[in-house]
Amino acid sequence: MYEIEETKSEIQTKTVTGADELVVNMGPQHPSTHGVLRVILHLDGETVTDLDCDIGYLHRGTEKIGENITYSMFIPYTDRLDYIAAPSNNLAWVTAVEKFFDWEIPIRANYIRSMVGEFSRIASHLLWLATHALDIGAMTVFLWCFREREMVLDLFETAFGGRLTVNAFRLGGLEQDVPAKFLTLAQEFIDIFPSRIQDYETLLTNNRIWLQRTRGVGVISGEDAVDFGLSGPLLRASGVNYDLRRAKPYAAYPYLDFVVPTGENGDIYDRYIVRIEELRQSVKIIQQCLEQLPDGPVSCKTPRTIKPPVGEIYHSIENPKGEFGFYIVSDGSETPYRVRIRPPSFVNLAALKKLCVGGLLADVVAVIGSIDIVLGECDR
Amino acid sequence: MADESVQGENSEVDEETSDLNPEEDSKKDVGRDILDVLEAKFPGSTFDAEAFSNFEDELSITLKPDSLEEVALFLKDHEIFQFTMLVDLTAVHFPNDDLPLHVLYQLFSIEKNRRVRLKVRLQEEQSIPTVSNLWSSANWMEREVFDLFGIDFSGHPDLRRILMPDDWGSHPMLKSYPLEGKGERVYDKPQRKEIGE
Amino acid sequence: MNIATEALIAFIKIAVVLLVVSLVVAYLTYLERKIIAHIQMRMGPMRVGWHGLLQPIADGLKLFLKEDIIPSKSDKVVFVLAPIMVLVPAFVVYSVLPFSENFYITQVNIGLFLILAISSLGVFGVVMAGWASNSKYSLLGALRSAAQMLSYEIFLGFALIGPLMLAGSLNMQKIVEAQSGGWFVFSQPLAFIVFFIAALAETNRVPFDLPEAETELVSGFHTEYSGMKFAFFFLAEYANIMVVSTVGITLFFGGWMGIPGIPLPGFVWFVLKLATMIFVFIWLRATLPRYRYDQLMRVGWKFMFPLVLINIFLTGLIKYLFL
Amino acid sequence: MELPFFYLFSAGIVITSLFMITRSNVIHAALLLVLSFFFLAGLFVLAGAEFLAAVQVLIYSGGIMVLYLFSIMLMNVQVAVRIRQWHRQRFFAILIVLILGFEIWSVLGKGVFPAMKVWPWKLGATPGNVEALGSVLYTKFVFPFEVVSILLLAAMIGAIVLAKKRIDS
């Protein structure tokens, strides 16, 4: 008797329509939650009536680690946050710490930082497109995207030695100049890449099934997006033109010419279009960087031990996923007093409930894909 | 550094922050307009502004916990500032202070491309009103601060642990949390029921 | 001919067809992997044998030797029966398929109807598997599958009525012979479109692979299966592709009949047409995303169902007026 | 040649039906019913009615029973298994069985079946009973056929209306 009561109370709660509600535990081991995300879904048939995210499976206490090691030592830890776009995280950290000082970062270093940052955006967006398309069932795009992502990772390897967690930048510039081979490879890549973007679009953009699966699904209005603190392509797809590369330019972005693409409807399709357009803009930015890249040193003179003055700063950059910020409290010693990571995935994922409830089970998968989360950065 | 009169009233708080700003003159005007408006609107309460170096986006305004709700609402709905986005919400622990827990709100105005940081200082065990009714993004971030610092946000709709396991006994981002040894793993189920229900 | 030799011949035919079909089905998996791999700019299986030609055999051996896991909370009898229930109908159907002018196991007057009847049983295996696994993903997969296969069976059946009216027989050989004047795909294009879409849905292929959508339902009804039982599901899927392709070319592309003027044996024509049809199946898998459940039903009932009804009406009208 | 198959199928029907009504697990019962339909289809084939056999499998097994299973699967079968299956009706049950048995025996026992004399087809000797069935349905019995069709249509629309009302409310 006991068992019966338990199953009744746990699984079979009545919904409004009188049908039995099914509680499905999606994840943490599920192919399309993109990591160890657990979503507890309450289903009425295939309609989602309620949803709760359980995160924290990948919590490694990165912020706590940051309080106990020096500023330079923390750079490799930032690689492990959004591991899909590691150089972007490095960039956020080094620019945040550099804000404490009035160092003159060499222009060449800034250009290389911007360039590598854009490459990491391409790598991240490619992985997003690959997995997102696979979630919706388009299998070929997955492998095509990985083919190009491989080229980007080869570039990282040429320049920094690492492929995924590259530890790209140092406080005050770069560790050493990028080899000449990197520049030729980068030129080769951006020559070939626009046609590859065209390939992905042939398979998806005007595909009727793709349109049916993405148009009008997971819609969030511009006001709601701001209210939920969304950032990055998600916010721009809802029609809010906000890009930190424009709003608060860092590295070499003040000198670069690019367009911030925005959507209109804030649905999955617009997010897709915005990200595809961002890929094109990244190519444009890299092309400009390669053309304008000045000669000169890649690192300024920095003290042997880095001790920022007492104070607090918040600095954020435009990560591929959104606004990626560091809030650092310095007490004047070699280690930060407090490191706060402002994770775009975490904040964006909080809107999942808003995006999914009332939709169908299959849409949950598509919506999670369209948010583009990386649990490493979400859980920290 | 802020207005003289404000500084006078809050001298004990400012002792620590005064050495943040070696060049007083250059940053006197950073965020002056926001402070003026706030002081005109809330004559009874006190504000204390500080800015690191002279970055315009590094303005922080320190508030009393009880005035947080109305100031936040005012700043959000103000027709000029329009701080419609809560970018970040976090806390810092200063165990030796009188008011050891600082809760920080990073506000951002997309219209004006302007940032301001609200800072609230709390006693241990003191609760603070939630802002999740003003900005939906505060929901998860307040949960996180509760999880890692143990700060109770009164009025929060769903205050549960978010990153740590549900039955984790303590709050790891506090400076008092041991870094090694078995002391850190204190499982304490009743506490979870008390706060998270 | 006495009854014993008759039985012996029938038995040999069955054995030959069964063996050949099993082998072809196994190599269909190889074909699919290779074709998709080349569409996706990679090589596919390359290690076992020349260009991975022995890969299906290695896979079969691996699955055969794998530990057979039965979940402890499952309904064991139904769990074990389910893969058999899927595989057997898929193979029984071959008994009435005409492979060439002279080679077939048997001719039945209700040939086409028998194919529909037997292949409609495959859904039982899926439903049983989904329920017996005692897993929510499997159950959801089974529910989707049941709804999808039941609905699309209707469109499939209705799409076949048009060609049937022209052929005037349910006998598969007679249907082929009726197309000597011209393939039915030219006189029944609407019926062929609906038949092809319904066939994709019946075999749970992309873009209608919802019951086994890996990224949503973690493979759906066969999530909990491993080893040989999993292989049964796998084989049944490909055997069903062969069946619907054969039915398709028999009804719409003149079966084993060739294009006049090109002297090739009937069996070669049959294989050529079958290969083309199967290639299209695989090609679609590499190209299209997946439909959502409600969209699948909408496509079926709001688009395909009226279409087949119109087709039947038009065929009847034209046949009455002109033939 | 047909006799052993007849006994095989008949025994199959009896045994599966018996098992079906004694199972407490509804899913098992439903699956056994499907099996029993199969044996019935076998009997139809023996009687020369292949079309009927195919319809039996297609409609009853492949259609209706799947729908049954569909709805049963959504129930909590584990609970149903535990519910007591016997309701102290043994006396009435046995009584009814006896009455029914007597009736069947009294009819079958006479051994006279007038319809048998006009049995038109022999196994394997006909060009196909599909054609025969079709021509009979659309000529001689066209009126009852249409009446039944309309009846079914009405039932279908009724079911849709009832279901729709429940969803809307």
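Author: The model is predicted. In it, the axes of helix α5 (residues 107-135) of chain A and helix α15 (residues 361-371) of chain A cross at roughly 175° and come within 9 Å.

Reader: What makes α5(A) and α15(A) roughly antiparallel?

Author: The term applies to angles over 145 degrees. The two axes cross at roughly 175°, so α5(A) counts as roughly antiparallel to α15(A).

Reader: Which residues of α5(A) and α15(A) meet?

Author: From α5(A) there are A:Thr131, A:His132 and A:Asp135, and they meet A:Val365, A:Ala366, A:Gly369 and A:Ser370 of α15(A). By class, this contact holds two nonpolar, four polar and one charged residue. Gly is counted among the polar residues under the scheme used.

Reader: What makes β7(A) and strand β8 (residues 323-330) of chain A a pair?

Author: Pairing requires at least two bridges. Eight bridges join β7(A) to β8(A), and these strands run antiparallel. One of the links can be named: A:His315 has A:Phe326 in β8(A) as its bridge partner.

Reader: Why is strand β4 (residues 101-109) of chain B called largely enclosed?

Author: A residue is buried if 20 or more other C-beta atoms lie within 10 Å of its own. Eight of the nine residues of β4(B) are buried, so the strand is largely enclosed by the rest of the structure.

Reader: Which strands pair with β4(B)?

Author: Strand β3 (residues 85-93) of chain B pairs with β4(B) in the antiparallel sense over eight bridges. B:Asp88 stands opposite B:Gln106 in β4(B). Strand β5 (residues 114-122) of chain B is joined to β4(B) by nine bridges, again antiparallel. In that pairing B:Tyr105 stands opposite B:Leu118 in β5(B). β4(B) and β5(B) form a hairpin with four residues between them, and B:Asn113 in the turn has a positive phi of about 50°.

Reader: What makes up the contact between chain B and chain A?

Author: A contact needs C-beta atoms within 7 Å. The contact takes 26 residues from chain B and 30 residues from chain A. On the side of chain B, β3 and α5 (138-149) of chain B are the elements that give two or more residues. β3(B) gives the most, with six residues. By class, this side of chain B has 15 nonpolar, seven polar and four charged residues.

Reader: How many residues of chain C are in contact with chain A?

Author: There are 23 residues of chain C in contact with 27 residues of chain A. α10 (214-217), α12 (266-287) and α13 (293-322) of chain C each supply at least two residues of that side of chain C. Its classes are eleven nonpolar, four polar and eight charged residues.

Reader: Why is chain C called as compact as a globular protein of its length?

Author: Chain C has 13 helices and zero strands. Its radius of gyration is 20 Å, close to the 20 Å that the globule rule gives for 323 residues, so the description holds. Along the principal axes, the C-alpha trace of chain C spans about 65 × 50 × 45 Å. Of the 323 residues of chain C, 52% count as buried.

Key
Residues are numbered from 1 along each chain as its sequence is written. Chains are lettered from A and ligands numbered from 1 in the order in which they are written. This is a predicted model: local features need pLDDT of at least 70, side-chain atom pairs count only at pLDDT 80 or more; totals for chains, interfaces and linings use all residues. Two residues are in contact if their C-beta atoms, placed from the backbone, lie within 7 Å. The radius of gyration is taken over C-alpha atoms; the globule rule is 2.2 Å times the number of residues to the power 0.38. A residue is buried if 20 or more other C-beta atoms lie within 10 Å of its own, exposed if 12 or fewer, and partly exposed in between; C-beta atoms are placed from the backbone. Axes are lines fitted to C-alpha atoms, for helices over the stretch in contact, and angles run from 0 to 180 degrees between N-to-C directions. Angles under 35 degrees count as roughly parallel, over 145 as roughly antiparallel, 65 to 115 as roughly perpendicular and the rest as oblique.
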